[in-house]
Amino acid sequence: MTTPVGLPAYLVKGDDPVVTGDAVRALVLELVGDGDAALAVEELAGDEYDVAAVVEAAQTPPFLDDRRVVVARDVGRFSTQDVAPLVAYLGDPLPTTALVLVAGGGQMPRSLVDAVKKVGHVVDAGVPGGKARQSWLTSRLRAAEVELDADAASLVAEHLGEDVGRLGNLLEILVAAHGAGTRLGPDDVAPFLGEAGGVAPWELTDAIDRGDTGAALEHLHRQLGGGGRHPLVVMASLHNHYARMLRLDGADVADEKSAAAALGLTGSTFPAKKALAQVRRIGHDGVKRAIVLLADADLALKGTIDWPPELVLEVLVARLSRLAPRARAGRR
């Protein structure tokens, strides 16, 4: 961990509570060092404590140790007015206290974030998206107490999907089951994986676009199951995907730049490129059919037919995937 020690304040923020919790534990261990955590660490959590308790704990000198570590969780639940005493404390912090503020519970007041930055350090425990997510996952697998071979690491990455917050618990289970320092293959890891994690929305739409019905249905189930997405959220994602195609269908666009301009996209033109390629692949009739299928499914979700929402989406995804040329090698 590259976080500097010896500072009076730290702010730990992240989107995944499990990953953020791991970052807090690692930071506290580093701050305590060779000291006695039972004497040095005081933690404030839940709805019972207020800002006054945080300030009082931070201003308390260490007992039988050189330094105290005060951890305050879910500080985002406090308003700008609430944190004013804490901001004032950070203007002249006690040098023997390391105050660890954990984001959560709401939006962090800007005044508090700025006060921490002036005297301390912000730890970003967020999990990156896209290709950077794989690098993040790889770095943590390399630092694990068990060694996963390439096939086992790929299996873990694919199975967890977006739910990388489960990685820490999975590694702890593997260490307990096989012992530290053990090299593991896919067969050693598979029994401990549990339910497949969620996947990004583009995994579903990409499978639909290439006509891979099996993969599309698998990604749908992972979004609804491990990903915990509501059927209406999945439907909204599909609506947006085909709405882009509808806007490009018949438009005078020759390349991804003009397509991005037509869609009002700024920054990366990649989404426009994908939409334009799919319009050309399925044609005007395909786009028209997709819009009709989406409208019918939307009505079905609202109760026009007595189907479970998951079944409505399964039928929709299967029909949409058949609008594209079939994938040469479909998945189950």
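Which helices and strand each supply at least two residues of the lining of the largest pocket? In this predicted model, they are helix 1 (17-32), strand 5 (121-124), helix 6 (131-142) and helix 8 (167-178).

**The largest pocket**

The volume of this pocket is about 860 Å³. Its lining counts 26 residues. Nearest the centre of the largest pocket lie D22, A23, A26, R140 and A143. Helix 1 is the top contributor to the lining, giving six residues. By class, the lining of the largest pocket holds 14 nonpolar, six polar and six charged residues.

**Helix 12 against helix 13**

Helix 12 spans residues 231-248, and helix 13 spans residues 256-263. The two pack with their axes 10 Å apart, at an angle of about 110°. Angles of 65 to 115 degrees count as roughly perpendicular, so helix 12 and helix 13 are roughly perpendicular to each other. The table gives the residues in contact.

| Helix | Span | Contact residues |
|---|---|---|
| Helix 12 | residues 231-248 | R244, R247 and L248 |
| Helix 13 | residues 256-263 | A259, A262 and L263 |

Sorted by class, this contact of helix 12 with helix 13 has four nonpolar and two charged residues, with no polar ones.

**A backbone detail at D74**

D74 is not a glycine, yet its phi is positive, at about 55°. Where is D74 found? D74 sits in the loop between strand 3 (68-72) and helix 4 (84-90). Its relative accessible area is 34%, so D74 is partly exposed.

Technical notes: Residues are numbered from 1 along each chain as its sequence is written. This is a predicted model: local features need pLDDT of at least 70, side-chain atom pairs count only at pLDDT 80 or more; totals for chains, interfaces and linings use all residues. Side-chain values use heavy atoms; hydrogens and water are left out. Helices (H or I, at least four residues) and strands (E, at least two) are DSSP runs, numbered from the N terminus. Buried means under 20% relative accessible area, exposed over 50%, partly exposed in between (1.4 Å probe, protein chains only). Axes are lines fitted to C-alpha atoms, for helices over the stretch in contact, and angles run from 0 to 180 degrees between N-to-C directions. Angles under 35 degrees count as roughly parallel, over 145 as roughly antiparallel, 65 to 115 as roughly perpendicular and the rest as oblique. Contact means heavy atoms within 4.5 Å. Ala, Val, Leu, Ile, Met, Phe, Trp, Tyr, Cys and Pro count as nonpolar, Asp, Glu, Lys and Arg as charged, and the others, Gly among them, as polar. On a 1 Å grid over the protein atoms alone, a cavity is a set of points where a 1.4 Å probe fits but cannot get out, and a pocket is an open set with protein on both sides within 12 Å along at least five of seven lines; lining residues have an atom within 4 Å of a point. Grid points are joined across faces, edges and corners, and a volume is the space filled by probe spheres set on the points.
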